[in-house]
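This report describes a structure in plain terms, part by part. Please look at the sequence and the model before reading on.

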Amino acid sequence: MLARAFQAVPRPVRGWVLPVLLLLLWWAALRWQWTTSPLLVSPLQVWDKALSLLSGGEAWAALGASLRRDLIGLFIGASAGLLFGATLGLSRWSERLFGPSFHTLKQISLFAWLPLISLWFGLGDPAKIAFIALASFFPVVLNTFEGIRATPPELVEVARVLRFSRAQLLTRVVLPAAAPAIFTGLHLGLIYAWLATLGAEYLMVAGPGIGGLLVDGRDHFWMDQVLFGVILVGAVGMALNTLAAIIERRALAWRGRSAGLF
Amino acid sequence: MSRGGHIRIEHLNKQFVVDGAPLPVLRELSLEVAPGEFVAIVGASGCGKSTLLRLVAGLEREHDGTLQHDGAPITGTSLARGLVFQEHRLFPWLTVEANVRSALLNSGVPRSEQAKLVQRHIDLVGLQGFEKAWPHQLSGGMAQRVAIARALVNRPQVLLLDEPFGALDAMTRARLQQELQHIWRSEGITMILVTHDVDEALFLGDRVVVMEPRPGRIRRVLHVDLHHPRDRVSAVFTDLKQEVLAELGELAEAA
């Protein structure tokens, strides 16, 4: 029954079915007063709050501050991760030297770094950026390393037959072969960085940023602001994810369409 | 055409080390291939025929004995010796055109002439119209043609073929054998083909070298004095085939 009803919805808007149902449920809960808790505000109230925060400029300022941190942290973390991952992947002795330490460090929960980071960098932007960089660093290192190690030896042999120099081998065989894995790492890094941005803003003294917006809303029981903040975080995360997917598809056109079987 | 391509192998010995113990792969192998000659090497799997080809290519290094190309010892790979593997081994991130062109990277051919040379070899293997295709869009036979074009574009003196048609269906295989033969006759390149297909060896080779395994050595060399293109069902051809199969069959019984 339900499945058939779902089939009747045009394909492009099927993804909206669940959110719309939730929104209806939310509205119904207030309309028939299933609860009178002040923690439940109406969708309309959230909408009004969103409009006022957006037109007043607070939302844009917060978004700008968060995105700036996110991108700086991601840039630092991903660059360092690419370099370190490539070093580990290309040189056996560097893997023996750094590998065990790295694999130990990566087991530490990201949030366990917070006390250390706040001691070293204080609680301002440098600390937040360091945390974001660290969050994006690990997935980029791991995927770059594994991508490079997975270079097919058969193609390296072709490079030998064609007399490629070491530099040519690196840029024309190893890096292209590792590119899908490297993209996966960067994609994960992007997601982790955004999660870490919110974590950093929320856990380290609030400054301007979406995290600050959330903390502010929580402290004043402004549920409309909290909910708007959550929606904003989700929307930005989704936008970043989509952007990454588009770039990835363009750059890796040679792989053809990957089959979505499951 | 006297453009070199003379391969000389004398008292060649090669061993691998497996679990700390030496494993002889080739023993006292001697073979001379004249410029422009087509030599086909047949043998059961494990007889070291692929290792022999890899040694001639310069992919395997350590060995005892003489291994020369036009009088110079083979110490590594060279653009004067092209190699086609059983799998096409195209770079999946390059188009057909760019794959062929990648072989010219260190050839010294000026950039301005590369495009023409690449096109000529794509035409030679009958793939005009597929220049911009990705390898994943090609059939196995087409991909192997590109691999042949990539190996030929440098105008090597020697073309080494390691079971190049082994993974293809019978019809595609027969067609590519004919095309390879055309290329061999028009380009005058020395070719050494390793195969387990006796029919293929007799269809293409001036000489057919039968190898026996453990350790790999030459059992017999047959001259195939038949005009091209050869008729696979002629009496002489089938007699020769029986002869080679008998050699291989005896080996199978002995083993």
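## Chain B as a whole

In chain B, 70% of the contacts with a separation of 6 or more are between residues 24 or more positions apart. The model is a predicted one. Chain B contains 7 helices and 10 strands.

A compact globule with 255 residues would have a radius of gyration near 18 Å, and chain B agrees because its value is 18 Å. The C-alpha trace of chain B spans about 55 × 45 × 40 Å along its principal axes. Of the 255 residues in chain B, 41% count as buried.

## A buried strand in chain B

How many of the 6 residues of strand β8 of chain B are buried? The count is 6 of the 6 for β8(B), residues 190-195, so this strand is largely enclosed by the rest of the structure. The side chains can be sorted by direction: B:T190, B:I192 and B:V194 point one way from β8(B), while B:M191, B:L193 and B:T195 point the other way. Both groups are buried.

Two strands are joined to β8(B). Strand β3 of chain B (residues 38-42) runs parallel to β8(B) and is joined to it by 5 bridges. Strand β7 of chain B (residues 158-162) also runs parallel to β8(B), again with 5 bridges. B:L193 in β8(B) has B:A40 opposite it, and B:L161 stands opposite B:L193 as well.

## An open sheet in chain B

Strands of a sheet pair through backbone hydrogen bonds, in either a parallel or an antiparallel way. Chain B has an open sheet of 4 strands in the order β2-β1-β4-β5, and the pairing is antiparallel. The edges are held by β2 (21-33) and β5 (72-73) of chain B. Each of these edge strands has a single partner strand, so one side of each is left without a neighbour in the sheet.

Strand β1 (residues 7-18) and strand β4 (residues 64-69) of chain B run antiparallel and are joined by 5 bridges. One bridge pairs B:I7 with B:H69 in β4(B). Helix α1 of chain B (residues 49-57) lies across β1, β2 and β4 of chain B. The helix α1(B) runs at about 65 degrees to β2(B).

## Two packed helices in chain A

Two packed helices are described by the angle between their axes and the distance between the axes. In chain A, helix α3 (residues 43-56) packs with helix α11 (residues 223-251) at an angle of about 75 degrees, and their axes are 9 Å apart. That angle makes α3(A) roughly perpendicular to α11(A).

Which residues make the contact? From α3(A) they are A:Q45, A:V46, A:K49, A:A50 and A:L53. From α11(A) they are A:D224, A:Q225, A:L227 and A:F228. By class, the contact of α3(A) with α11(A) has 5 nonpolar, 2 polar and 2 charged residues.

## Where chain A touches chain B

The contact between the chains takes 14 residues from chain A and 16 residues from chain B. On the side of chain A that touches chain B, α8 (153-161) and α9 (166-203) of chain A each supply at least two residues. The largest share of this side comes from α8(A), with 6 residues.

What classes of residue make up the side of chain A that touches chain B? There are 7 nonpolar, 2 polar and 5 charged residues on that side.

Conventions:
Residues are numbered from 1 along each chain as its sequence is written. Chains are lettered from A and ligands numbered from 1 in the order in which they are written. This is a predicted model: local features need pLDDT of at least 70, side-chain atom pairs count only at pLDDT 80 or more; totals for chains, interfaces and linings use all residues. Axes are lines fitted to C-alpha atoms, for helices over the stretch in contact, and angles run from 0 to 180 degrees between N-to-C directions. Angles under 35 degrees count as roughly parallel, over 145 as roughly antiparallel, 65 to 115 as roughly perpendicular and the rest as oblique. Two residues are in contact if their C-beta atoms, placed from the backbone, lie within 7 Å. Ala, Val, Leu, Ile, Met, Phe, Trp, Tyr, Cys and Pro count as nonpolar, Asp, Glu, Lys and Arg as charged, and the others, Gly among them, as polar. The radius of gyration is taken over C-alpha atoms; the globule rule is 2.2 Å times the number of residues to the power 0.38. A residue is buried if 20 or more other C-beta atoms lie within 10 Å of its own, exposed if 12 or fewer, and partly exposed in between; C-beta atoms are placed from the backbone. Two strands pair if DSSP finds at least two bridges between them.
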